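Subject: Structure for you to look at

Hello,

Please find the structure below.

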Amino acid sequence: MTLLARRRLLVVLLLATVVAVVLDLSGSGLPDRARLLAAAAVGPVQRSVAGVDRSDGARLEEENAVLRARLAQAEARLAQDDAAGRLLASPSAGAGHLLPARVVATNTTVTGGRQVTVDIGQRDGVEPNLTVVAADGLVGRVVSVAPWSSDIRLLDGADAAVAVRVGSGVLGSVAAGPPGDLARSPGDLTLSLVDRSTVAVGDRVTTLGSVGGRPYVPGIVVGTVTAVDPPRGQLTATAAVRPAVDPSRLDVVAVVLPSAPGTGTAAAKAPS
Amino acid sequence: MIPRLSLLGLLRTGAVLLAALAVATVLPRFGVPARFRPDLVVLLVAASAVVRGPAQGALLGLAAGWVVDLVPPGGSPLGLTALLYAAAGATAGLFHRGAHRSLLGALLGLAAATVVVELGGVCVAILGDGTVDLAAAATRTLVTLAVGLLALPALLGVDRALTRRRLA
């Protein structure tokens, strides 16, 4: 190829890339469709490269992780006051079916947000905006679904905010990122509350739950409060939360599928 | 103006795809923490750019960046990694006169390309999250350079052998 032709090709491709970046930033659907096509094409390859083991040993490992996650959820609900628990139980809470999955790819691009890819997709019943949990607690939510894989946005992404309940029942919201000039240990999340005095170090933070259970079902452990920030004249009090799940060590996770509407939870149906 | 797709071009694209899959899927599987994962894609881009010059380097960097953006989970916004790697390829290509003389020139080209990619990542992180992890970026640069020290002579040798057989 002549030098001039090569230069022209370079300029054309650079312009096309800039157009793609602008389209994605402006929220157009075309880049998402391109990502979906690429995920559909690369998904099976990633699964085989990741060496996802479909043998008995691996299946037992997955079942084990799912059972531990269920046990943690059940224990959290038992720890609440029974009446309050029944009051807060909604048809989509907690009793949903857990679908195990393995992480096949983690985000490595310098420009990427905090996302991981798992090896179940549309064909396994995954839909966007479902909760993803691990044995220890909340991992994140499903953001995009391809036929063979799905992308999960982790809790420490910049745009993730989870409504939570702290310890004795105080409401707040957890998000990533340090407030102002306060330093956080890497990986810690920030809890925002209205009343500082109701939070103590060591309180457990669990999800409050969203309408219809999307994107978050209630009662999942998010983390533990490690430090309460001193007052700096701001309206909301903040605290540091150490997440229960280490995002750099994710392997087996489970997607919470919504239960059918009207079935209710075991707590709501239990005879008094 | 459609470029003739040579065997070497196909090999390079295949190698970039494998490198992108390896960094996203295989290395995390072995439990390598994020700051110690070398950037194999910039290694491949720089290896070709120091042989062929800035324009070819930028083209390969653009293609490699697109592959990295599309392999799930990919980057956001779509295409920004492509621009970064195109800049890295052009930077590495600037060293192609030095690379013909000695291996040190090629290593300097790889170092410049890696620094461009990591600095770009830091700038995007500042504009997006507001968080900056300079220690991780520096560690990743050093690990990529260390892997490049071992792999670059082999990659350059393969490139020259294939060119000599007129496959380029």
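A residue is called buried when its relative accessible area is under 20%, exposed when it is over 50%, and partly exposed in between (1.4 Å probe, protein chains only). This is a predicted model, in which local features need pLDDT of at least 70 and side-chain atom pairs count only at pLDDT 80 or more, while totals for chains, interfaces and linings use all residues. Residues are numbered from 1 along each chain as its sequence is written, chains are lettered from A and ligands numbered from 1 in the order in which they are written, and side-chain values use heavy atoms, with hydrogens and water left out.

Salt bridges

A salt bridge here is a side-chain nitrogen of Lys or Arg within 4 Å of a carboxyl oxygen of Asp or Glu. Over all chains, the search finds nine of these salt bridges.

Both Glu62(A) and Arg102(A) are buried, and they form a salt bridge whose closest N and O atoms are 3.9 Å apart. Glu62(A) sits in helix α3 (residues 56–79) of chain A and Arg102(A) in strand β1 of chain A, so the pair ties together parts 40 residues apart in sequence. Helices (H or I, at least four residues) and strands (E, at least two) are DSSP runs, numbered from the N terminus.

Arg102(A) also forms a salt bridge with Asp251(A), with the closest N and O atoms 3.2 Å apart. Asp251(A) is in the loop between β11 (237–243) and β12 (252–257) of chain A, and 149 residues separate it from Arg102(A). Asp251(A) is partly exposed at 27% relative accessibility, whereas Arg102(A) has a relative accessible area of 6%. Through shared partners, salt bridges join Glu61(A), Glu62(A), Arg102(A) and Asp251(A) into one network.

Another salt bridge pairs Asp32(A) with Arg35(A), the closest N and O atoms being 3.2 Å apart. These two residues are three apart in helix α2 of chain A, or about one helical turn. Asp32(A) is partly exposed at 43%, and Arg35(A) is buried at 17%.

The interface

How many residues of chain A are in contact with chain B? There are 44, and they touch 40 residues of chain B; contact means heavy atoms within 4.5 Å. The buried area between the two chains is about 3,600 Å², and carbon and sulfur atoms give 69% of that. Buried area is the accessible area (1.4 Å probe) that two parts lose on being put together, summed over both. Across this interface the rule finds zero salt bridges.

The elements that give two or more residues to the chain A side are α1 (3–25), α2 (30–49), β1 (97–106) and β2 (115–118) of chain A. The largest share, 14 residues, comes from α1(A).

A helix in chain B

Helix α2 (residues 40–52) of chain B has 13 residues. Eleven of the 13 are buried, so α2(B) is largely enclosed by the rest of the structure. Among the buried residues are Val41(B), Leu44(B) and Ser48(B). The buried residues of α2(B) pack against α1 (7–29), α3 (54–70), α4 (80–93), α5 (96–101), α6 (103–128) and α7 (134–164) of chain B. Just after α2(B), Gly53(B) takes a positive phi of about 105 degrees.

Regards

Key
The expected span of a helix is 1.5 Å times one less than its number of residues.
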